[in-house]
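Here are some notes for a first look. Please keep the model open while you read.

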Amino acid sequence: MLRRRLASLIPTAIRTAHNHHQGSTSSFTLLAPRQFDSVLCRKCPGDISNPVFNFVGGVRAYSSLLALNDLRDNPGSRKQKTRKGRGIGSGKGKTAGRGHKGQKARGTMKFGFEGGQTPLRRRLPKRGFKNPFALTFQPVGLGKIAKLINAGKIDSSELITMKTLKDSGAIGKQIEDGVRLMGRGAEHIKWPIHLEVSRVTVRAKAAVEAAGGSVRRVYYNKLGFRALLKPEWFEKKGRLLPRAARPPPKQKDKVDSIGRLPSPRKPIPFTTQETEATPA
């Protein structure tokens, strides 16, 4: 825009200067071309040695070797897409580069197809096994629980549930199938504590019972874990807490009781029958 406006002003300024020269020949002395240029250049302030500025007719015009509307990519940097099937003259008409007949000319094959021979995915033998019924428990050691009790984050006089362990930071937030109590740091347990977890090792159970405490293995399904760990979610949705689910037949011998909802505060005392059945 600026270049067009200056280009329109330059001829007008030259024409005005020429008419003025013809009209007042008596008062205007004729000058040589070089002298005339020097006079015009004196009218406009600027650096004459700068080749970017041109002074024409008393008007300073800006000209550069490169402008935004002159920007172009290097030749060959952008290649147009081949347009297939657009007539014989295009060179890619009729069969569009696919040739005549054959499997590759008719369509695409499914991924992994090797022309009819046994594909690689079937030639290689199978290895490994993934149990669809496997359970993943998050481990927590007795030493970490004792450290949190000494820090005042866990009250040892109350029942320690999986929600207590989650709120205190003993375990992570992502609990898949439950918590396994491990015996790491069992020597730090010097007072009786009562816990409810999904699984417990022999060493951890012996250490807790030696200190006068108890460990109960409880069962929660997926919905039960949500109700245990996040009961506010059901209140937000306007729903009631679900009833505790019974364990499946394959896990009956691995749990002591059904998990209670909402999160309990007092432990359930073991009955005489349970105490006799536990060592067996």
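Are Y220 and F225 buried or exposed? Both are buried. Keep in mind that this is a predicted model. The points below start from that pair.

1. **Aromatic pairs.** The structure holds 2 of them. Y220 and F225 make a tilted pair, with centres 5.6 Å apart and 45 degrees between the planes. W233 and F234 make the other kind of arrangement listed here, edge-to-face, at 5.1 Å centre to centre and 85 degrees between the planes.

2. F234 is buried, at 4% relative accessible area. W233 is partly exposed, at 25%.

3. **Charges over rings.** W233 also has a charged neighbour: R226 lies over its face, 4.5 Å from the ring centre. Elsewhere, the charged end of K250 sits over the ring of F133, 5.5 Å from the centre.

4. **Helix α7, buried side.** This helix spans residues 202–210, and A204, K205, A207 and V208 are buried in it. These residues are on the same side of α7 because they cover an arc of only 165 degrees around the axis. They pack against α5 (142–150) and against strands β4 (179–182), β5 (194–197), β6 (199–200) and β7 (214–219).

5. **Helix α7, other side and end.** V202, R203 and A210 are exposed on the other side of the helix. Just after α7 comes G212, with a positive phi of about 95 degrees.

6. **Salt bridge within a helix.** A search of the whole structure finds 7 salt bridges. One of them joins K163 to D167, with the closest N and O atoms 3.5 Å apart. Both residues belong to helix α6 (residues 162–168); they are 4 residues apart, so about one helical turn separates them.

7. **Salt bridge from D177 to K222.** The side chains meet at 3.3 Å, N to O. D177 lies in the loop between α6 and β4, and K222 in helix α8 (residues 222–229), so the pair ties together parts 45 residues apart in sequence.

8. **Salt bridge from D256 to R217.** Here the N to O distance is 3.1 Å. This pair links distant parts of the chain, 39 residues apart: D256 is in the loop between α9 (231–237) and β8 (257–258), and R217 is in strand β7. D256 is partly exposed at 23%. R217 also counts as partly exposed, at 22%.

Technical notes. Residues numbered from 1 in each chain as written. Predicted model: local features only at pLDDT ≥ 70, side-chain atom pairs only at ≥ 80, totals over all residues. Heavy atoms only, no water. Buried < 20%, exposed > 50% of the residue type's maximum accessible area, 1.4 Å probe, protein only. Helix = DSSP H or I, 4+ residues; strand = E, 2+ residues; numbered from the N terminus. Arc of directions from axis to C-beta. Contact = heavy atoms within 4.5 Å. Phe/Tyr/Trp six-rings, centres within 6.5 Å; stacked < 30°, edge-to-face > 60°. Lys NZ or Arg CZ within 6 Å of the ring centre and 35° of its normal. Salt bridge = Lys/Arg side-chain N within 4 Å of Asp/Glu carboxyl O.
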